Amino acid sequence: MSRTLDTLSPREVLALAIHVEQSNSRRFRAFAEVFQGYDPDVAKRFEELAAEEDHHEQLLDAQFRKKFGGTLPPLDQVDVSDVVEAVDLDDGEHLIFDTLKPRRVYELALKAERGAQEFYRKALAQAGDPTLAALYRELAEMETGHASFLEEKLRTS
Amino acid sequence: MRETMAEIGAGLLTLAGIIAATFYPFVYEAKSVEKRLPPGAQVITLTGVAATGTWTEENVDGGNYWYRHFAPARPVLRVGQPTLLRLKSADVNHSFYCPGLAVGPLEVHPGHVLDVLITPIREGVFEFYCTTICGDPHFGMRGQMLVLREGSPIPAAEPAKADKFWQESPPPPGQSHVARGAWLFHRNGCFTCHGVKGKGGVPNWNYIKDTIPPLSTLAERMLIPDKEGADAIVGAMERAADLKTLSSDPPFARFNAFLAQYQSVKDVIRKGNPPGKKDPKGLPPPLEMLPFGMRLSDRDIDDLIAYLLTLEPWEGGDK
Amino acid sequence: MSPSGNIPQPLTEPAPGSAAPPPAPVDKPWRIDLLRALPPLKWLVKRRWFQFAVVLPNLLFFMLFLTTGVFGTPVGSRNILIVFVWIFWWFLLISAMVPLASRVWCTMCPFPFFGEWIQRGALIRSRGVDPKKAKEGPGVVVGRNRYFGLNWRWPKALSNLWVQNIGFLFLCTFSAHFLTRPLVSVIVLGGLILVATVLHLLYRQRAFCNYVCPVSGFLSLYSMTSVVEVRSKEADTCAKCKDKGCLAGGEKGWGCPWFMYPSKMERNNYCGLCMECVKTCPYDNMTVNLRPFCSDTKIKGLDEAWKAFIMVTLALVYSVLYLGPWGFLKDWANVFEKGNWAGFFAYVAGLWVSALVLFPAIYFLPVWAGWRWSRQKPPTIVILGQAPVNPPLKETFLRFVYPLVPFGMMAWVSFSLPLILVNGSYIPMVLSDPFGWGWDLFGTAHLAWSPVVPHWTPYVQVFLLLQGLYFALKQGYRHSVAMYGARNRALKAFAPVAVLLTVIEIAFLVLYVG
């Protein structure tokens, strides 16, 4: 039975955010593996972004330890009905017709980060608990930071 | 482990299946023919090929039909030995007729096989024919079955005759009527019955004259007395002159009788001529002068006759 | 448009009832999850041996056919190769498999069998591998599967349908020869197996199927109409999925051999229904749906558009050739029988120019005319993010080519119907005697050839053709509404194309029943 976001405690919200970064990293790696040997440029971008997600995860993990301590509650993104941040290819036929350009990888990631930012902002507006609200604000700001990182990448690539 | 076994099983199944699908049909075919054979029997397969007007003993299949030239059949049978004749057609409807051995006429449909079991009782050379008009070279679709006593040697085949092979050729260049007649004579397969250069001699079962008479003596039979006369006529035809205009100064005696003969020869070509039977109660002879009026124009027929008139070996020449 | 002709309608006072433009037609597509509805089917397609079990019998028949082609009778109508492949299979493909089961032929196709066997090193199992250990072991690792062979990427310049377009046109140019010569069929079909095998060794996965196979091209185009599709069930589940097994493969199955990303699949075009994604999805989120006819409506590129042009042109040319009263054209096409090379070149030039240049040009004209006619002056202030007032010409063209898909498919079905009726009686004959060697396996070898063309045939043909036109006009109009919004502009833009489609339809009708 999947849970809705408003039933989560602050501890669980942060754990979810960690899971989100984790799954994004794995997703990026999965894409990198598929494109490896096929389109190395695209694969490199995916690998690079996976590392970036790992970094985000570490930051959040440190925060979790500082705030709550102990181990993460067993909460997977799949257990929560809402999609927070999910990078995905936008076309089922990318690989057939070579339509996925390296630059497009950043755009897809950026889209996901913006989605997450939007998601946390909405959650912030609805959150009654001040600790929770503070956490959402923090997360939204962090996603803004990620987004600007990608925007910078897009500008320079 | 189980996975590996499944892979090996699937691989073996595939290979066995492919081998079976590729080779089993041949085994099945050999067995099914064998089943129908009496002890000591032989199998002779004759396949009709319309494109060259040939009954052949060679194997004709989807792979070789398009490029090979199949040798005409010369089957050898033995007195008292049962023989399974397997009659096939590689293209169109043919009819197999071997009157001397009392086989046929049998319709042979393309893609079907007609099995006939015969046991010859006397020696001899027996002509066989195709009796369904199957194409231009149809009348050349003949052959001889040799029936020999057990153990007697097979005589060497006669040197291959040029008339066994029929091929389409382009019309000759230039305006010569005689050359065009020669081409038409070949193109329409006339030579398949009348012989190369109209020498005749092709056997026709139950025909009153036994063999098809030569056309090389047509000039004589059209009452042209000599070479000069023939040359005059051919010359006039090469000029495309109306032969009737020669009447005012006829090149030879009985010129008007010649003109009448000329008309009747043209009529025979145009309307055909059924062959007379030797035995009036017997079956009609397999070879028959067909009406060519539908395929040949008036000019074509004139050209053909002009060509035939040049074939006469006048006195002194070899026949 | 008013029925009274060109009398302009007053702009100030709209007629009652026509005040607001009717809402654009909204697609409320229904889907039936077949794997949920039919548990045995689900059980079957989830088996690893499923595809092998479907391909193997097909492959063995195919091998038998190749043998008959070489060693059987040269008489086409009595050789099972000709009768089954070019009469029976073609009919089944165009009028049953594609409309009812999309590219199900690709599920059972024997062409890539050997290539795929070598490439996977497996007939049944999947070679899953941890990508971190990719270097340990033979072959190449793509995603989470190990493959043998070189696994090159397909050249970018050929990553489209043009090879297939040209190949199909080439084969169709010589169609008269396949139908009469078993040897030619053996060379073509055997050649396809050979090419498929070699390409599987050189290029990754099903590059042959995606870019080369001439049959694949028209299957891909017409599978858009099919009532069956493989799709993901829940978009959210895919979005949250970390593993992307459908794409990367794994222990349970191979990553999509067609280079599709099944989770985001929106069209049938390049899905070979191999059912690997149904097996690899960790959330059981891939399924087979039943859906309305003509559900995929997007033509994505000019290569696909040209495929549609080629198919309609061929349907027309074949109809003229085999059903029209002009016997000399048939002689031209059949050069090896008739030897008329000049005529043959005229036929080839005519066919290729019409398919590749003439028909596309003729089709472009009304598209352009409608596009011009419905043009509006763009506003001086452009609002960012809003669709432009006038859609680009290329988009309009691609959208308006789509009607040719149902239209052409129905024309093909309609054309093939009398062919199967006339030649259908050969099927039991060759089944009993596949080689024409005088067998009689099922007692049907000596049935007479009986061309059954019931009196209702033309009615069915007309019905099929009109169905094609109906779907063409409906979908074309929908595309127009999607681009222009307003009904009268949409009508204006689409009207010239609709007129052309109707004219072509009448040509077909005259050829088939006139």
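Two residues are taken to be in contact if their C-beta atoms, placed from the backbone, lie within 7 Å. Chain A and chain B are joined by no contact, and their closest C-alpha atoms lie 25 Å apart. The model is predicted, so that local features need pLDDT of at least 70 and side-chain atom pairs count only at pLDDT 80 or more, while totals for chains, interfaces and linings use all residues. Residues are numbered from 1 along each chain as its sequence is written, with chains lettered from A and ligands numbered from 1 in the order in which they are written.

Chain C contains 23 helices and five strands; helices (H or I, at least four residues) and strands (E, at least two) are DSSP runs, numbered from the N terminus. The radius of gyration of chain C, 25 Å, is close to the 24 Å that the globule rule gives for 514 residues, so chain C is as compact as a globular protein of that length. The radius is taken over C-alpha atoms, and the rule is 2.2 Å times the number of residues to the power 0.38. The C-alpha trace of chain C spans about 80 × 65 × 45 Å along its principal axes. Of the 514 residues in chain C, 48% are buried (20 or more other C-beta atoms within 10 Å of the residue's own, C-beta atoms being placed from the backbone; exposed residues have 12 or fewer, and partly exposed ones fall in between). Among contacts in chain C between residues at least 6 apart in sequence, 77% join residues at least 24 apart.

Within chain C, helix α3 (residues 50–71) packs against helix α9 (residues 182–202) at an angle of about 140 degrees, with the axes 8 Å apart. Axes are lines fitted to C-alpha atoms, for helices over the stretch in contact, and angles run from 0 to 180 degrees between N-to-C directions. The crossing of α3(C) and α9(C) is left-handed, meaning that the near helix is turned anticlockwise from the far one by less than a right angle (right-handed if clockwise). On α3(C) the contact is made by C:L66, C:G69 and C:V70, and on α9(C) by C:P182, C:L183, C:S185, C:V186, C:L189 and C:G190. These residues comprise six nonpolar, three polar and no charged; Ala, Val, Leu, Ile, Met, Phe, Trp, Tyr, Cys and Pro count as nonpolar, Asp, Glu, Lys and Arg as charged, and the others, Gly among them, as polar.

In chain B, four strands form an open sheet of mixed pairing in the order β2-β1-β4-β7, where two strands pair if DSSP finds at least two bridges between them. The edge strands, each pairing on one side only, are β2 (54–56) and β7 (113–118) of chain B. The twist from one strand to the next averages 25 degrees. Strand β4 (residues 83–89) of chain B runs antiparallel to β7(B), to which six bridges join it. B:L85 stands opposite B:V116 in β7(B).

At the interface of chains B and C, 26 residues of chain B are in contact with 28 residues of chain C. On the side of chain B, α1 (2–36) and β7 each supply at least two residues, and α1(B) gives the most, with 13 residues. This side has eleven nonpolar, nine polar and six charged residues.

For chains A and C, 24 residues of chain A are in contact with 29 residues of chain C. α1(A) gives the most to the side of chain A, with seven residues.
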